[in-house]
Amino acid sequence: MIHHYKEIEPTIHKTAFIAKDAVVVGDVTIDEQSSIWFKTVVRGDVAPTKIGKRVSIQDLSMLHQSPNNPLIVEDDVTVGHQVTLHSATIRKNALIGMGSIILDGAEIGESAFIGAGSLVPQGKKIPPRTLALGRPAKVVRELTDDDYQEMERVRKSYVEKGQYYKQYTNLGME
């Protein structure tokens, strides 16, 4: 469901896949080949939410903001199932593991990996190319080439799945 908030409509690229039971409201921008999966909520009724190219926001996730504090998700980011992103910045090529919570003012560095179930508190900066996990999240090591290959495999698989679902729903075969 795509909704306006007051007079602001979401801006969704024509190649983006939005599941029919996802909710996208207000000042939200979703760029090309990105995907918003089943039962996900993306609200832009407090501040803007910007989602880059080839981003997957997986099932049951929640994206929101605090006043004057936008949520920014750069290109090629993977956001796992049941993730909460709130007024944070997620840099390109990052992966946010399932069930994680990223709070106001947190910044996840380029190509960083947040382990499943982690809590990144307000204002915390996770350096690029590191693995951070826990509650609160702490950097445990630098990423390996194998880590990058797996992150890339997951990212590409979700871009492909999103484009498949986009084609499938456009054919009226839901």
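Trainee: Which elements each supply at least two residues of the lining of the largest pocket?

Mentor: This is a predicted model in which local features need pLDDT of at least 70 and side-chain atom pairs count only at pLDDT 80 or more, while totals for chains, interfaces and linings use all residues. Residues are numbered from 1 along each chain as its sequence is written, and side-chain values use heavy atoms, leaving out hydrogens and water. A pocket is an open set of points, on a 1 Å grid over the protein atoms alone, where a 1.4 Å probe fits, with protein on both sides within 12 Å along at least five of seven lines; its lining residues have an atom within 4 Å of a point. With helices (H or I, at least four residues) and strands (E, at least two) taken as DSSP runs numbered from the N terminus, the elements are strand 3 and helix 1.

Trainee: How much space lies in the largest pocket?

Mentor: Of its 13 lining residues, Ala16, Phe17, Ile18, Lys166 and Thr169 are the closest to the centre, and helix 1 gives the largest share, three residues. Grid points are joined across faces, edges and corners, and the volume is that filled by probe spheres set on the points. On this basis the space is about 200 Å³.

Trainee: Which members of the largest nonpolar core touch the most other members?

Mentor: A nonpolar core is a set of buried Ala, Val, Leu, Ile, Met, Phe, Trp, Tyr and Cys residues joined through side-chain atoms within 4.5 Å. Buried means under 20% relative accessible area, exposed over 50% and partly exposed in between, for a 1.4 Å probe and protein chains only. Of the 40 residues in this core, those that touch the most others are Leu85, Ile90, Ile102 and Ile108.

Trainee: Is Ser111 buried or exposed?

Mentor: Ser111 lies in the loop between strand 15 (107-108) and strand 16 (113-114). Beyond four places in sequence, its contacts (heavy atoms within 4.5 Å) include Lys92, Arg129, Thr130, Leu143 and Tyr148. Because its relative accessible area is 9%, Ser111 counts as buried.

Trainee: How many bridges join strand 19 to strand 20?

Mentor: Two strands pair if DSSP finds at least two bridges between them. Strand 19 and strand 20 form a hairpin with two residues between them, and Thr130 stands opposite Glu142 of strand 20. These two strands run antiparallel, and the number of bridges joining them is five.

Trainee: How far apart in sequence are the parts that Glu74 and Arg91 tie together?

Mentor: A salt bridge is a side-chain nitrogen of Lys or Arg within 4 Å of a carboxyl oxygen of Asp or Glu, and Glu74 forms one with Arg91, the closest N and O atoms being 2.5 Å apart. Glu74 lies in the loop between strand 9 (71-73) and strand 10 (78-79), and Arg91 in the loop between strand 12 (89-90) and strand 13 (95-96), so the separation of the parts is 17 residues.

Trainee: Which residues do salt bridges that share partners join into one network?

Mentor: Glu152 forms a salt bridge with Arg155, the closest N and O atoms being 2.8 Å apart. Both lie in helix 1 (residues 145-170), three residues apart, about one turn of the helix. Glu152 is partly exposed at 30% relative accessible area, whereas Arg155 is buried at 12%. The network consists of Arg54, Asp76, Glu152, Arg155 and Lys156.
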